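I wanted to look up the charged side chains in this entry and how they pair. My notes follow the model below.

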Amino acid sequence: MSTNTITSSPAVRSFRSPTPRSPRVTMLLRPTTVSSTTAASVPILTKLQKDCATPVPVLRNIADNMAADMRAGLAADGGSDLKMILSFVDSLPTGNERGLFYALDLGGTNFRVLRTQLGGRDERVIDTEVEQVSIPQDLMSGTSEELFDFIASALAKFVKKEGGKFVLPTGRSRETGFTFSFPVKQTSIDSGILIKWTKGFSVSGTPGKDIVACLNEAMGRQGLDMRVSALVNDTVATLAGARYWDDEVMVAVILGTGTNACYVESVEAIPKLQGHKSTSGKTIINTEWGAFSKGLPLTEYDRAMDAESINPGEQLFEKTISGMYLGEIVRRVLVRMAETGSLFGKHVPEKLQTPFALGTPNISSMQQDTSKDLEAVGSILYEATGVDSNLDARKMVVEVCDTIAKRGGRLAGAGIVGILQKMEEDSKGVVFGKRMVVAMDGGLYEHYPQYKRYLKNAVAELLGPELSSHVVIEHSKDGSGIGAALLAATNSMYEH
Ligand code: BGC
């Protein structure tokens with residue numbers, strides 16, 4: 001088990017790539033640069049680029065479909081691909097929160113625990129400590145009990161180290177927010193049933209169960225006295241964390257291993273909402289947009305990857321735009337180029353044929369290589385996939401990476417515009433035309449500069465210069481960890 005403690009750290013999500021160098025300008029493979037190495041791969045690239053194309057009409061269609069699916073999902077459960085889950089978070093942090101609160105964050109290959117001492121409006125965040133533990137691969141497909149025992153034990157060890165500026169008033173139980181980044185049918189602010197696993201998790205015995213109960217049982221086995229006062233999706237926690245510093249945050253988007261978005265909705269715009277009272281008249285909706293599928297420009301590589309995945313036909317938007325999959329799509333294209341175009345010579349190494357051998361951090365790093373002979377591209381390719389490449393082959397590889405990152409970033413941008421569009425239509429002119437912040441988190445967004453640029457360009461192209469000047473797309477520095485702790489404070493059983 002590897003752990004590291006970061007004091008007062010910003011959120012760390014599971015997708016990482018080495019510190020990027022300055023973004024490189026994409027090299028176009030002009031006919032003059034076509035060599036015998038790449039000649040047979042050029043038609044494969046051309047077809048890929050055509051199939052992945054995202055001109056404005058395609059993006060507009062995606063944004064419209066996203067807005068329509070949001071409405072249908074708000075009208076009735078099962079009304080569309082988008083689950084539009086009620087978060088039971090009706091009030092966001094105000095800045096007045098005080099006391100010691102914990103947060104657990106389970107959502108990718110890493111699990112994080114955090115504690116924070118909140119000092120109210122004047123002192124804000126007095127101190128924060130974070131520990132990150134990587135989840136052993138076998139636990140991601142083991143039993144529910146094994147996974148939750150692992151989490152509770154890491155938490156118990158972390159609690160034992162509490163001291164310094166962290167103070168729990170006598171007679172109180174510790175309270176935690178639980179960020180659980182999978183589709184959950186929330187039944188109250190502190191309970192919810194797991195609908196299904198995503199992102200490669202296939203733990204048995206959890207779907208259909210209340211995951212707070214699973215955690216409580218495991219904490220009991222560890223003898224840990226801790227109350228889960230808020231169960232939240234990572235998007236919701238990110239929105240809460242960002243809102244603590246900025247009142248105009250209305251949307252939060254995660255682009256990491258997986259992807260999702262949430263936003264602030266008026267209760268009267270939710271026909272399926274029955275018997276739920278909100279004093280603010282607003283509530284946060286977790287869209288689960290990873291399941292969106294209408295109008296996506298998909299390729300044969302996407303379809304093959306989906307068919308071989310553990311959840312075929314599901315999470316298609318996620319499989320097209322998120323960190324878990326971009327590297328794998330590129331690898332599949334490279335296999336085709338190697339097999340039918342001999343891009344890397346006669347031999348196709350077994351490593352290249354291994355699913356997920358090429359990660360999204362790899363393709364991001366390759367796109368940051370500004371050297372003349374693309375040395376870093378060559379060594380990443382060799383280390384990850386075992387191929388030997390010459391300069392022409394490397395240029396071809398970078399083109400493939402760029403094509404897949406461009407489609408992903410632009411589609412994510414169109415998704416954001418779909419949400420803004422829906423909010424604008426309902427508020428009749430109140431949303432557009434004033435400052436509105438979209439809080440972003442996740443390693444893909446943070447560490448892939450080209451992807452981020454493509455996303456922002458797509459938003460600007462769709463909204464036009466005037467409207468897009470009011471939309472601030474901002475990396476949420478405190479992220480979902482602190483957001484979950486803040487929501488634990490907002491929903492504390494004690495007065496604060
Ligand atoms: C999950 C979401 C989560 C997103 C980002 C998706 O796979 O379904 O609940 O918010 O990943 O972590």
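I use buried for under 20% relative accessible area, exposed for over 50%, and partly exposed for in between (1.4 Å probe, protein chains only). The model is predicted, so I took local features at pLDDT of at least 70 and side-chain atom pairs at pLDDT 80 or more, while totals for chains, interfaces and linings use all residues. Residues are numbered from 1 along each chain as its sequence is written, and side-chain values use heavy atoms, with hydrogens and water left out.

I counted salt bridges as a side-chain nitrogen of Lys or Arg within 4 Å of a carboxyl oxygen of Asp or Glu. The count comes to 25.

I looked up Glu-308 and Arg-332, which form a salt bridge at 2.8 Å, N to O. Glu-308 sits in the loop between H7 and helix H8 (316-321) and Arg-332 in helix H9 (residues 323-341), 24 residues apart; helices are DSSP runs (H or I, at least four residues) and strands likewise (E, at least two), numbered from the N terminus. Arg-332 is buried at 13% relative accessible area, and Glu-308 is exposed at 56%.

Next I checked Asp-69 and Lys-294, whose closest N and O atoms are 2.4 Å apart in a salt bridge. Asp-69 lies in helix H2 (residues 56-75) and Lys-294 in the loop between strand E12 (282-286) and helix H7 (300-307), so the pair ties together parts 225 residues apart in sequence. Asp-69 is buried at 3%; Lys-294 is partly exposed at 39%.

I also noted a network of salt bridges linking Arg-71, Glu-265, Lys-422, Glu-425 and Asp-426.
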